[in-house]
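Here are my notes on the model you sent over. Have it open while you read, and follow the points in order.

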Amino acid sequence: MPSEYRLIFFEPAEIVSGAVDWKRAQGGRVPARKVTRMEVDNQTLSVKLHFADGKDKASPLELKPEEVTAALLTYCRKA
C-alpha cells in the first residue's frame, strides 16, 4: 500500500502572521503592536506570542495546538 509523508516548515514570521490573522478572524483581541517574542512548546505544540509594551500591558496571545493547526492551514490557503 503506498503512503506519503510530508514535512512542512514555517519561518517564525509566517507562524506569527498566521496566528495573528487567524485569531483576528475568529474575533479574538490581538494587540496592534509588534510581536517581540514567540514561544513554541515542543511537547504540546502550543504557541505563545509576546507583544511590545504599550499603554496597556498586553498579556501574551496563546494558541492551543488545534488553534495553531487551524492558523497555519489558513495561512497556507492564503499563500
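1. Arg6 is exposed, at a relative accessible area of 64%, and Glu4 is exposed too, at 60%. The cut-offs behind those words: buried is under 20% relative accessible area, exposed is over 50%, and partly exposed is in between, with a 1.4 Å probe and protein chains only. The two side chains meet in a salt bridge, 2.3 Å from N to O. A salt bridge here requires a side-chain nitrogen of Lys or Arg within 4 Å of a carboxyl oxygen of Asp or Glu.

2. Before going further, a word on what this is. It's a predicted model, where local features need pLDDT of at least 70 and side-chain atom pairs count only at pLDDT 80 or more, while totals for chains, interfaces and linings use all residues. Numbering starts from 1 along each chain as its sequence is written, and side-chain values use heavy atoms, with hydrogens and water left out.

3. Now the overall layout. The protein has 2 helices and 3 strands, in the order α-β-β-β-α from the N terminus. Helices (H or I, at least four residues) and strands (E, at least two) are DSSP runs, numbered from the N terminus. The C-alpha trace spans about 60 × 25 × 20 Å along its principal axes. Of the 79 residues, 27% are buried. Taking contacts (heavy atoms within 4.5 Å) between residues at least 6 apart in sequence, 33% join residues at least 24 apart.

4. How many salt bridges does a search of the whole structure find? It finds 3. Besides the one in my opening point, Arg37 pairs with Glu39, with the closest N and O atoms 2.9 Å apart. Arg37 counts as partly exposed at 45% relative accessibility, and Glu39 is partly exposed at 31%.

5. The salt bridge between Glu67 and Lys23 has its closest N and O atoms 3.6 Å apart. It links distant parts of the chain, with Glu67 in helix α2 and Lys23 in helix α1, 44 residues apart. Buried or exposed, these two? Both Glu67 and Lys23 are buried.

6. On to the largest nonpolar core, which has 15 residues; Leu49, Phe51, Leu61 and Leu63 touch the most other members. By nonpolar core I mean a set of buried Ala, Val, Leu, Ile, Met, Phe, Trp, Tyr and Cys residues joined through side-chain atoms within 4.5 Å. At least two residues each come from α1 (12-25), β2 (46-51), β3 (61-63) and α2 (65-78). The largest share, 5 residues, is supplied by α1.

7. Take a look at Leu61. Skipping neighbours within four places in sequence, Leu61 is in contact with Lys23, Arg29, Val30, Val47, Lys48, Leu49 and Phe51. Not counting residues up to four places away, Val30 touches Val20, Lys23, Arg24, Phe51 and Leu61.

8. Helix α2 has 14 residues and runs 20 Å from its first C-alpha to its last, close to the 20 Å expected at 1.5 Å a residue. That expected span is 1.5 Å times one less than the number of residues. Glu67, Val68, Ala71 and Leu72 are buried in α2. They cover an arc of only 130 degrees around the axis, so they sit on the same side of α2; the arc is that of the directions from the helix axis to the C-beta atoms. The buried residues of α2 pack against α1, β2 and β3. Glu66 and Arg77 are exposed on the other side of α2.

9. There is 1 aromatic pair in the structure. Phe10 and Tyr75 form it edge-to-face, at 6.5 Å centre to centre and 70 degrees between the planes. Rings of Phe, Tyr and Trp (its six-membered ring) pair if their centres lie within 6.5 Å; planes under 30 degrees apart count as stacked, over 60 as edge-to-face and the rest as tilted. Phe10 sits in the segment before α1 and Tyr75 in helix α2, 65 residues apart.
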